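Open the model in your viewer and keep the selection tool at hand.

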Amino acid sequence: MPKLNVRIGLTAAAIGMVCALGWCRPVLAAATAPPESSQAERLFQRYKQSVYQVRVIDAATQEKKSVGFGFQFTPAGELATNFHVVSAAVHKPARYRVECLREDGTRESASIVYFNVVHDLAIIRLEQPQSEYIPLGNSELSKGAMLYCIGNPHDLGTAIVSGTFNGIVEKTLYRRILFSGSLNPGMSGGPALDSHGRVVGINVSTAGNEISFLVPVERLAEIYAELQTQPEHAQRSWDKLIEQQLVDNQNYFFQMISSAEWKHATIGDATVPGEISSFFKCWGDSQEEILYRWSVLRCDTDESVSVADDFYTGTMLYQYVWMESTGLNPMQFYSLVRRTFSSGFDDDFAFDNIGNRDDAQRFATRSGIVRSGNQKWKMAVSTRGYVKYAALCDAFIAMASLDNPRKALIVKMQLLGVQKKRLQEFLRKFMEQIQWPG
Amino acid sequence: MARIIIELRHPAHLLPPQYVAVEGESITVGRGYDNAVIVPDAYVSARHLCITLRETGWEVQDVGTENGTLFRGVCFRGQVFTAASGEEILIGRTTVKIHLSADSVCPARRLAGGSAERDIPAPLCRPLVLPGLSAIAGLGMLNRAFYGVSEKLVWSKVFSQAVGLFVNYLLAALIAAGFWALIGRLAVHRACFRRHYTIAVLSGVLYAGVVLALDYAEFLLDSSLTIAWVVATAAMVACFLYWHLSLSTPLSDKRKWMLIIGALCVVLLSAATAYVTFSDDLLKMRPYYDNSVYPPFFPFPSGKPLNLFLAEITR
């Protein structure tokens, strides 16, 4: 999902694209009823002193690298924003600093106090805090409740956008509020207010066409409570904190998977793990070729954790391809299986979740013939460790059944940000669940 | 008065032979300027040989030199021996042959055909060998094209694919043969195109066989035989290079092997350099794995139990 901070160079292109899609046309339906608009007007007047544009400033050019939004939620001058807005300053504090721009144009510097990379939230502190702040509410509203999001879309100026609360998104590992209203790049980290003027959620991402997502405000409250128990930043490293949060996230992820009853799916003659947890979605397709038929089943999660601009992790995906020969001789069939087995890594998976090569170690691959149940598999497991977060690695797995010269099952998997120990446990359980009589 | 022709050959055959014609019954050979035939070789004495025409042949006298004279494997120093026309006499590092102007020259055909020691084995020169080898290569290509089929079998398609592969292969062999023939033309004034071509085709067929065998061996042993690959490839390259070099250059065995080892070292060194330069990027951004899934001509290896394999990953 596109994140909502504007990056240098991307802004113009993004606006261009928006116009190309016809979004620049006057939207007639936007004419809202007078009481609503006056509500938005009142809220904006009330809180315009408490909201800031959050900018990450490049030390060499003194210009902004990216912008997002933030709001003050404590009298002590603590601002909430998204982690992805300030991630550059977290990773490279020597090169980037954080600056906040008030509605009236005054600039203030701020420092990062705490964050949670998994929930995509960060708390920054103003050096000269004002006393106005926005109180936190809760996200237990009924569907259809009006919400007002404040932000600075495409760096065009502070704006307030109204829309409706549409509950918590189902089939996700982490709760996200579905907001039906348009959020745009530059609004990341801005507050979503209910009609009483309390914060309900924090703007985080959009899927376009008025499908937008908010982080529930409870997450912010949790993180703020956590901050009170933590030592000052000077005494620990951000990398360690990120690693700890990623490992916790992974533990939670696998705990959810192992506690859930695994649903099974059928592909060809085989019974395989299907939607193994509520946050997996599976898609299937099949085709009849002249001399063979194949079907494919692909399951993945929408979850991903953005650690930096060019580094995301925490996703998982597995795909089955069933092949059955109807007229190929065994050698032709194995030749086909081999092509599918070996092309898989390149075709189906992206390895670009780590854009900066220095963040990843080399791939280490083990391949061999493996006995599991009544089947023999050719199996290849490639892992690459993270450089800064040594406990975790990305794993890419491919396997092909060998025994039957007319039928084959090819499985490919991608697990980003796992511990090897977890990977091992998961693979063992996964392989046990593949049932294929004969 | 007889006309004596002395043929001088540089030890490494790096220069074409030099012929000196002298009138007279008796001549002297040496490094000094007062000789009839002057030999520019540091290992030859100022006066080295004295050659006289007798009815039995050439009477050759080594005039008591420091390094002596080698004839028919025997070293003469201050002695006299009798040599026939065209026999090799080694003084210092230079080979000397004595001819009479009345001697017949070697037929041009034999010269162009090369000497027996530099030729390829006779069975390979039989007329059907080259087409036979080509046919084997073609069948291999056809086989490969056939097993790659996963759609409805259309023979014309399979054939055209096989022909494509085959033409590429023959073209590669042609280029190799042309290259070696050119070297031969320059180095020994003889271009054995057909022989080089036979060798190139043969090496392709043999190497394809080795590749297939190693592929299967890797799969059946369930491990990557990197060292075996390198050794087999290097050995084959060395053998065929030796053959090509023998045909197209006058180099001694020692020099040929030095050249081959040098070439292999250069290849290895550049491969190592490429690995160091590019592998970091390649290996970081793409995982590589052994992708062989071979058909059951043989029973599949029994494989490892899952738990054991998984334990290896975490190590």
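Select A:C282: at 22% relative accessibility it counts as partly exposed (buried is under 20% relative accessible area, exposed over 50%, partly exposed in between, with a 1.4 Å probe and protein chains only). This is a predicted model, in which local features need pLDDT of at least 70, side-chain atom pairs count only at pLDDT 80 or more, and totals for chains, interfaces and linings use all residues. Residues are numbered from 1 along each chain as its sequence is written, chains are lettered from A and ligands numbered from 1 in the order in which they are written, and side-chain values use heavy atoms, with hydrogens and water left out.

A disulfide (cysteine sulfur atoms within 2.5 Å) joins A:C282 to A:C299, with S to S 2.0 Å. A:C282 lies in strand β16 (residues 280-288) of chain A and A:C299 in strand β17 (residues 292-301) of chain A, so the pair ties together parts 17 residues apart in sequence. Strands (E, at least two residues) and helices (H or I, at least four) are DSSP runs, numbered from the N terminus. The torsion about the S-S bond of A:C282 and A:C299 is about 105°, so this disulfide is right-handed.

A:C149 is buried, with a relative accessible area of 0%; B:C265 is partly exposed, at 45%.
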